[in-house]
Amino acid sequence: MPNCAANTSDSADPAADNRPIGVFDSGLGGLTVVAALRRRLPDEDILYLGDTARVPYGDKSADSIIRFARQDTGFLVGKGVKLVIAACNTVSAVALPELRRNRVGEPLLGVIDAGVRAVMGSGARRICVIGTRATVNSDAYRRALHALDRSLVVESIPCPLLVPLAEEGIVSGPLARAVFDLYLKPLRENPPEALLLGCTHYPLFIPALNKYFGGRVRIIDSAGACAEYAADYLQAHRLSAVAGKRPRYSCFVTDLPAEFQHQATRFLGSDPGRVEKIALE
């Protein structure tokens, strides 16, 4: 993952916008969104912020999550991004409405909006959402889906042990399967049409989940859905970068840059390059 400053120079195409996309999360999980964005939008510059000093957000109060998310957003807006993506289901569930009411700077997208959009496009009628306790307790996915179609059957299951497993690189094998059994065993007997991954760590488990359910469940990845949502948004609002340019990427963290750099390759599928430590408070 190359590292250099954001490209703000004018393009020969007056309709192009070469400002970077800003992405933030409490730690590593949002890098699955960055990986999906890199595949879907190969010309776009991306700035990533991981608030590793205060990870995880999922066990914090709503007031703290809103305050942290406001600081994350402010940092990225200050870097001159054209779009901010909250690559954190907890932030999207708890803080996004407040951030949008008091928005300053650039447009703000969240992974819950993207996931709901993907579910509605799938045609599935019976859906299971898995996520952190904070995301599931917020009921944000069910409420958003039922706002569009109250006849959908939506079940939500918290799976908190999957995040530490992902960060330890244990995304398949006997231990991962034991954790699947702990949370998801009833679903194997009566599987939903779609399993929505309501945490950005969970895409790392997609091959193991497909095997666990024997390919009988459509798995909807909120990271991939977020990249599709961002691509459509940029095109609709004439914010896309010039085609064919060399993309530039930067990573910022609030603590433990060496540890972040070591683990980030697993989420990105490539070396993140230099990681810069910054202060938000």
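Modeller: One term before that: two strands pair if DSSP finds at least two bridges between them. Also, this is a predicted model.

Colleague: Fine. How many bridges do strand 5 and strand 6 have?

Modeller: Six bridges, in the parallel sense. Strand 5 covers residues 126–131.

Colleague: In what order do the strands of the open sheet run?

Modeller: The order is 6-5-7-8, four strands with parallel pairing. Strand 6 (153–158) and strand 8 (218–221) are at the edges. Each has a single partner strand, so one side of each lacks a neighbour in the sheet.

Colleague: What does helix 5 lie across?

Modeller: Helix 5 (residues 111–122) lies across strand 5, strand 7 and strand 8. Against strand 8 it runs at about 150°. Helix 11 (residues 222–236) packs on the sheet too, touching strand 7 and strand 8. The direction of helix 11 makes about 55° with that of strand 8.

Colleague: New topic, aromatics. How many aromatic pairs does the structure hold?

Modeller: Six. One of them is Tyr-57 with Phe-68: ring centres 5.4 Å apart, planes at 45°. An edge-to-face pair needs over 60 degrees and a stacked one under 30, so this pair counts as tilted.

Colleague: Where do those two sit in the chain?

Modeller: Tyr-57 is in the loop between strand 2 (46–50) and helix 2 (62–78). Phe-68 is in helix 2, and the two are 11 residues apart. Both Tyr-57 and Phe-68 are buried.

Colleague: Which charged end sits over the ring of Phe-68?

Modeller: That of Arg-54, 3.9 Å from the ring centre. Another case is Arg-38: its charged end sits over the ring of Tyr-249, 4.6 Å from the centre.

Colleague: Now Phe-180. Buried or exposed?

Modeller: Buried, because its relative accessibility is 3%, and the cut-off is under 20%. Phe-180 is in helix 9 (residues 174–189).

Colleague: What does Phe-180 touch, leaving aside neighbours within four places in sequence?

Modeller: Leu-162, Lys-185, Phe-205, Ala-208, Leu-209 and Tyr-212.

Colleague: Which geometry do the rings of Phe-180 and Phe-205 have?

Modeller: Edge-to-face, because the planes are at 75°; the centres are 6.0 Å apart. Phe-205 lies in the loop between strand 7 (194–198) and helix 10 (206–212), so the pair ties together parts 25 residues apart in sequence. Phe-205 is buried as well. Ring pairs also link Phe-180, Phe-205, Tyr-212 and Phe-213 into a cluster.

Methods: Residues are numbered from 1 along each chain as its sequence is written. This is a predicted model: local features need pLDDT of at least 70, side-chain atom pairs count only at pLDDT 80 or more; totals for chains, interfaces and linings use all residues. Side-chain values use heavy atoms; hydrogens and water are left out. Buried means under 20% relative accessible area, exposed over 50%, partly exposed in between (1.4 Å probe, protein chains only). Contact means heavy atoms within 4.5 Å. Rings of Phe, Tyr and Trp (its six-membered ring) pair if their centres lie within 6.5 Å; planes under 30 degrees apart count as stacked, over 60 as edge-to-face and the rest as tilted. A charge sits over a ring if NZ of Lys or CZ of Arg is within 6 Å of the ring centre and within 35 degrees of the ring normal. Axes are lines fitted to C-alpha atoms, for helices over the stretch in contact, and angles run from 0 to 180 degrees between N-to-C directions.
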